[in-house]
Structures are given as structure tokens and as C-alpha cells.
Amino acid sequence: MFYDSDFMPFTPNERPSLRSMQRNFLETWPPAAYREGFWSLRGLWPIMPKTIFLTDPALIEEMLLTRAEFFQRDIMTVQALAGAINKGSLFFAEGADWKWQRRALAPAFRHENLLALTPIFTRCTGELCQAWRRERPTRPIDAMSAMSEVTFSIIESAILGAQGTFDRERFLAAFTRALSGVSWQRILALLSLPNWLPFPGSSQINRDMRYLYDETARIVAARRATRAHTLAIVDLMLNASDPESGRAMTDSELIGNLYGLMVAGHETSAVALGWSLWLLAKDQASQERLRAEVQEIAGADDIGPETVERLQFTKQVVQEAMRLFPPAAAIGRQPREDTTLGPHKVLEKEPIFVAIWALHRHEKLWDQPSAFDPDRFTPEKAKARHRCAYLPFGAGPRICIGMSFAMLEMTAILATLVSDFRFTTVDGHRLELAPDFTTRPRGGLPLWVTPV
């Protein structure tokens, strides 16, 4: 178990404000969030509804699993993310529309299909390693930026099947800017204002979204025209249909769902990997232990389908990184009508959030919750824990469909990088969180990188 004061990089506020909401909305969650299981925030503005937060695994289980169909996506999340993720996608779909899309997409994420993508994960990471060896960085690298590059390279090959067919740098820059508007959209939603109101940078973001849509539409059209049968997720989606109704996805539905997969396979994975490298740079003993595991299991060979699942400690590092710094800090729902949740009365108009950041650091659920300890996730300890105490991918029927893809991808990437390079922190760097769509740090995560 390793502790550093940076592992809790802010002090929770007893009295939230719009200023703290814009700077770092996690600061608005009071100290009680880390001790209690049900709490609420009154509106920061007179027209804002009361917002309920959950950190009690039993209540979370009731909402996300036992009564999942009674609790739909909350209006704040829908408004905040509608600009970044297509409203017709699986992410936002409800009821029968969600069920048929989930059934149609599920075969593309069969475990054997995902395992077969491991060489792509390793190859894309190897290209980054080659660049670092060639360039021999004389300045710290930004771990977040580097992980965005490698995970987007994987998106290009493993999901879009479009390597070399579009402008990667322009696409990635537009995608990054498009996600940057989420914090402003969240504030508009909190104030019950329409999401078409302009905010700083909104004109550029609108242009970026149009470009991203057009480029994705072009890729879908090209793949449909070639009738390819590859392991790329887009091709599996093009050939997929609902086993019950036989319904296949339209191009519009495919494009919307590809956006969702790009977010899951790129942004969230990149953030989790950036934090993983930074935590290992802090805890050199765990870094050496991970490196030794890769050497023992894979030796000098690339990580492949036959070795990636044997890297248990590497996987535990990723899991612990997602506990301390979950890419998604909260999951929102809203009851379809006034009801109760456990002993608590909740109203139809009141959004309810699973406060994942606080849940993962809850004093009653975790021993020394602000310490880094990958051994929390040994199979025995994980099995003994309540299934709703740890939710980096959500839970219940709406659990992230890309979870297995992300875990295999992140394990292969982290193992490849740490087996070739040593990561150390930069003296004097002060960590500051700036959560937006995901839990990112302001100014990136600078690390020194040296060959092993």
C-alpha cells in the first residue's frame, strides 16, 4: 500500500458554488459523501431541482440492477452529453429501442473476437515505444496526451478499420475539442437552460461535431461498400442484426454507436492509462513488480491473446487506478415517477447520481481509501466485495458494452509500455483536477520516460 498527498488532490467543500462547479464539480460533494450512503445537494440556483447522490452499494444495486427499468437516463446527463454522443445511440436509448440495439451489438463484443484484437493493441503501443526510442525525449512526456494517441490509433484500426484512410491528427483534435464542451453543457443543464445557448468555444465545437459526423459517415459508407468481413468492430456491426427481430442498424444508428465506442475505447481508456502510469511512477515498487510479471509471463515476446489474460497484477494496477481516479466520476438516473429508493422518497423531477468518485473512496467500504494498493483487486478480495462498491464501467443491464474490450486493451498497453520503459514523476509538479467528460487533470500528467 502506497500513499501520496496528491492521491486526494482537493478538499471537499461544505458549501458548493457555481464557481467550484465550473472549476471541479467534484469539490461540490461534501465530506459527508465519503462517509454516508445517501445525500443530496440543494439547487445552486432557485430553479434547479434537488440532486440526490448514492454511495450505498445496496441502494445502487436497487437502482441499477433490481429496478433498472424504472430508472432512466437523467435529464442532466442527456443534455450535457447530447452534443458529444448521438441521442439515437445505445448510450441514450431506452426501453425496447435499447434492448434491440444491445442484442444486435452484443455478438461484436464476444470474448473470442476481442482477444483476437490483442495484436492490434500491442502493435499500436509498440509504435509509440519505437518513437520514444528514436526521439529519446529530453523533456517529460504528457502521459494523458501519449495515451490518447495510442488509444486513438487502436480505435482507428480495431474499431473503425480505417488506418491511413483519414486525417488522424485532425480527427483526434476535433474529437478532443468536442468533448471539452461537456462542462459548459452541464452548467446549462444545472441551470435548466436550453443546450443551444452559446458558450465559450461553442461555435468551434459545433463545426467539430459536423466534421466528426461527416468523417464517420464516410467511413461507414466505405466499409458498407466493400462488404468487408474483418475483425474490426465496425464490420461486425455492419453485419449484425437483432437475433429476435432480424432488425439491422441504419447508417445513422451505426454512426451514433461508433461515437459511443470511440468515447469508451479512446477517451476513458486513455484517462485510465494515464493515471495508471502516473501512479506507477509514484510507486516504483509496484512498477517493478508489474515489469517482473510481464517478463515472467511473456519474456521478450509481444503480449498476445495467449498471455494478456495471465497478467493478473497488471490488470489489478489498472483496476486500482480506476478506483482512485475513475474515468467517469458519476452515473446519472431519474425515476419515471415518484417512488422510494430503500427507505428514501425520491421524486420524478429529481436526478439521482451514483457518486463513483466518492463511492471508490468511501471510508466504510475501503481500507485507507486514498492509498494506492493494486492488491485490493486480487480475485479473492474482489469476490468478497459488494458488486456495487466498485463501478468504473457501471452495473446492471446497462453496464458498458465495451468493458471487456477496454480491460484487454489497457492491460496489453500498460504491460508493453512498462516492460520497455521506466516512468518517474517530475519534481515540483502540482496535480490539479479538471474533470469534464472524464476525470482529467489540468495541464496533463508530465512524466520522465527512460528505457529499461
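Author: Trp 278 is buried, at a relative accessible area of 2%. Buried here means under 20% relative accessible area, exposed means over 50%, and partly exposed covers what falls in between, with a 1.4 Å probe and protein chains only. The model is predicted, so local features need pLDDT of at least 70 and side-chain atom pairs count only at pLDDT 80 or more, while totals for chains, interfaces and linings use all residues. Residues are numbered from 1 along each chain as its sequence is written, and side-chain values use heavy atoms, with hydrogens and water left out.

Trp 275 is buried as well, with a relative accessible area of 0%. Both tryptophans belong to helix α12 and are three residues apart, about one turn of the helix. Helices are DSSP runs of H or I of at least four residues, strands are runs of E of at least two, and both are numbered from the N terminus. The structure has 23 aromatic pairs. In the pair of Trp 275 and Trp 278, the ring centres are 5.4 Å apart and the planes stand at 80 degrees, so the pair is edge-to-face. Rings of Phe, Tyr and Trp (its six-membered ring) pair if their centres lie within 6.5 Å; planes under 30 degrees apart are called stacked, over 60 edge-to-face, and the rest tilted.

These two rings are part of a cluster linked by ring pairs, which also takes in Phe 2, Tyr 3, Phe 7, Phe 10, Phe 325 and Trp 357. Phe 325 has a charge above it: the charged end of Arg 361 sits over its ring, 5.4 Å from the centre. The rule for this is that NZ of Lys or CZ of Arg is within 6 Å of the ring centre and within 35 degrees of the ring normal. Arg 323 likewise lies over the face of Trp 366, at 5.2 Å from the ring centre.

Back in α12, Ser 269 is another residue of the helix. Ser 269 counts as buried at 1% relative accessibility. Its C-alpha atom is separated by 9.8 Å from that of Val 318, 49 residues away along the chain.

The largest nonpolar core has 133 residues, of which Trp 29, Met 147 and Phe 423 touch the most other members. Helix α12 (residues 251-282) supplies the largest share of this core, 17 residues. A nonpolar core is a set of buried Ala, Val, Leu, Ile, Met, Phe, Trp, Tyr and Cys residues joined through side-chain atoms within 4.5 Å. In soluble globular proteins, nonpolar side chains tend to be buried together.

Leaving aside neighbours within four places in sequence, Phe 423 is in contact (heavy atoms within 4.5 Å) with residues including Leu 277, Ala 281, Trp 132, Leu 417, Leu 447 and Val 449. Another core lies apart from the largest one and has 17 residues, among them Ile 52, Leu 59, Met 63 and Leu 391.

Next comes the sheet that holds β9. It is open, with three strands in the order β4-β10-β9 and antiparallel pairing. Its edge strands are β4 (141-142) and β9 (421-425), each pairing on one side only. Two strands pair if DSSP finds at least two bridges between them. Strand β4 pairs with β10 (residues 446-451) over two bridges: Ile 141 has Leu 447 as its bridge partner, and Asp 142 stands opposite Pro 446. Strands β9 and β10 pair in the antiparallel sense over five bridges, and Arg 422 has Thr 450 in β10 as a partner.

Two helices lie across this sheet. Helix α17 lies across β9 and β10, at about 90 degrees to β9. Axes are lines fitted to C-alpha atoms, for helices over the stretch in contact, and angles run from 0 to 180 degrees between N-to-C directions.

Thr 411 lies in α17, which spans residues 403-420. Thr 411 is buried, with a relative accessible area of 4%. Beyond its neighbours within four places in sequence, Thr 411 is in contact with Val 308, Leu 311, Thr 314 and Lys 315.
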